[in-house]
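Please view the sequence and structure first.

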Amino acid sequence: MTIPLLFNAFVMNTTSHIHHGQWRRPDAGQTEFNDVDTWIELAKLLEAAKFDGMFFADVTGLYGDADAPYDVYVNEGLQIPSNDPTVLLAALAVNTTHLGLALTSNVMQSHPFQFARQISTLDHITRGRVAWNVVTGMQDNGARNFGLEKLVDHDARYEWAEEYVDVVYKLWEGSWDDDAVLKDRDGAYSDVSRVHKIHHKSARYSVEGPHLPSPSPQRTPVLYQAGSSVAGRRFAARNAEATFIVAPSPEIARQQIDETRALAVEYGRKPEDIKFFQGLSFIIGDTEEEAQAKADEYMKYVSVDGYSAHSAIVDPDGRVYPPETPLKDVQTNSARGFVEWVSRYITDREPVVADLAILRARNSAIIGTPESIADQLEVWQAAGIDGVNVINWVIPGSFAEFADSVLPVLRERGLAKTEYGEGATLREKLFGQPRLNERHPAAQYRGAFREADALV
């Protein structure tokens, strides 16, 4: 039996997120990202199309060398200016009913007590439709914005993340018993014997508790993660319920998925406890020729500087290389893999930096008719993905076109849902239950502090 794929809109509260330069198109509404109506209208469009979620990326600093010029980022609108998605989600929550709402927040940017409170509040407002993309930060400039000289070492960031999630799990899952809220007008609002301090103490955090919000519909939000390193995949295998991948092919996606699911089993979980979303963008035509012509038009707007800056294709002084620079002359460690990647596609001449931008723009794109796109999504599903993070070229047009042209074909094949189903919360829609299952590490804190209080 064919299982419907899951679909998220992968967006960011900024002008230029993934496909750089497209904001210059006359039909690009992402330039109006400051206008809340831009996002409310998009959320309503996605919900009408039965998308599962609206997934907001985020950063807390500039890419690249923190001491280098940052004119390219400002000129290209490359994730600057950008706004906080956590605040925006509250507005989207009251204008939607079923759509999942996912935010990105790294472990540097908010103390776990405050963050746990914000998420519980959002989970109440949305009636259980919030997800959290757990990230560790990736910009030195972002680290400096929170008082650090630079990012801590990669693996150490994941150790930090493990403690961070441990604190919020204690607050979300263990601080309040399920039956703590009484609302007894002749007595107590809540039963103090069922509300517990967590007394978390370490070199990094000291959090006494109790958690201030009462239990929200999901308690813990649906947990996303996108790490591709060994440490990142281990973190995902232990903590994630959904993982965002950007594999260059279905074969590589299958390898990444199989490895992460095997790691999850090592942590006492089941392979199906984690769902995998592949990031893809789409260029759609009534014929293959029309789709290719539309792709050529998109390529005219590609910002070579934008893709280069986002990919850290910069010289030792942190400046973006000119477009005509041969890739063999690029002197950054991150370029080595890119040279090999581009060389597989360009064999009749020396590839240059501009080629990288065009290939990066095309690499994540499926170009074709709705029927041929459906054929390719079947291949991706056979490789093990559970869903797609749909990446836009323009807002709202990319999502409207996908909804109007591709989803009907997918529904005919059983590859897309026709209705949202019974569950009220996002986790129910994804996994059939509102709470984390007992195999998740957060489950260990259910009742743990009640038992601790009894020993005092």
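The count comes to 3 cavities of 30 Å³ or more. A cavity here is a set of points, on a 1 Å grid over the protein atoms alone, where a 1.4 Å probe fits but cannot get out, and its lining residues have an atom within 4 Å of a point. Grid points are joined across faces, edges and corners, and a volume is the space filled by probe spheres set on the points. The model is predicted: local features need pLDDT of at least 70, side-chain atom pairs count only at pLDDT 80 or more, and totals for chains, interfaces and linings use all residues. Residues are numbered from 1 along each chain as its sequence is written, and side-chain values use heavy atoms, with hydrogens and water left out.

**Cavities**

- The largest cavity holds about 90 Å³ of space, and its lining consists of M12, T14, T15, S16, H17, I18, H19, Q30, I391, N392, W393 and I395.
- That lining of the largest cavity has 5 nonpolar, 7 polar and no charged residues, where Ala, Val, Leu, Ile, Met, Phe, Trp, Tyr, Cys and Pro count as nonpolar, Asp, Glu, Lys and Arg as charged, and the others, Gly among them, as polar.
- The second largest cavity holds about 50 Å³; residues lining the second largest cavity include N8, D52, F55, A131 and Y224.
- Two or more residues of the second largest cavity's lining come from each of β2 (53-57), β3 (100-106) and α15 (426-431); helices (H or I, at least four residues) and strands (E, at least two) are DSSP runs, numbered from the N terminus.
- By class, the lining of the second largest cavity has 8 nonpolar, 3 polar and 1 charged residues.

- T14 sits in the loop between β1 (6-12) and α1 (36-48).
- T14 is buried, with a relative accessible area of 2%; buried means under 20% relative accessible area, exposed over 50%, and partly exposed in between (1.4 Å probe, protein chains only).
- Not counting residues up to four places away in sequence, T14 touches Q30, F33, W39, G77, Q79, I80, P81 and S82, a contact being heavy atoms within 4.5 Å.

**Helix α9**

- The 13 residues of α9 (residues 288-300) should span 18 Å at 1.5 Å a residue, and the end C-alpha atoms are 19 Å apart, which agrees; the expected span is 1.5 Å times one less than the number of residues.
- A291, A295, Y298 and M299 are buried in α9.
- Seen down the axis of α9, the buried residues fall within an arc of 100 degrees, so they line one face of the helix; the arc is that of the directions from the helix axis to the C-beta atoms.
- E289 and K300 are exposed on the other side of α9.
- The partners of the buried residues of α9 are β9 (275-284), α12 (353-363) and β10 (365-368).

**The loop between β6 and β7**

- S216 lies in the loop between β6 (206-207) and β7 (222-225), is buried at 5% relative accessibility, and touches S120, D123 and H124, not counting residues up to four places away in sequence.
- P210 lies in this loop, and a cis peptide bond, with omega about 5 degrees, joins G209 and P210.
- R219 is also in the loop between β6 and β7; phi of R219 is near 60 degrees, a positive value in a residue other than glycine, and R219 counts as buried at 3% relative accessibility.

**Other backbone features**

- R127, in the loop between α4 (112-126) and β4 (130-135), has phi near 60 degrees and is exposed, with a relative accessible area of 65%.
- The peptide bond from I395 to P396 is cis, with omega near 5 degrees, and P396 is in the loop between β11 (387-391) and α14 (397-412).

Technical notes. 1 Å grid on protein atoms, 1.4 Å probe; cavity = no way out; pocket = protein on both sides within 12 Å on 5 of 7 lines; lining within 4 Å.
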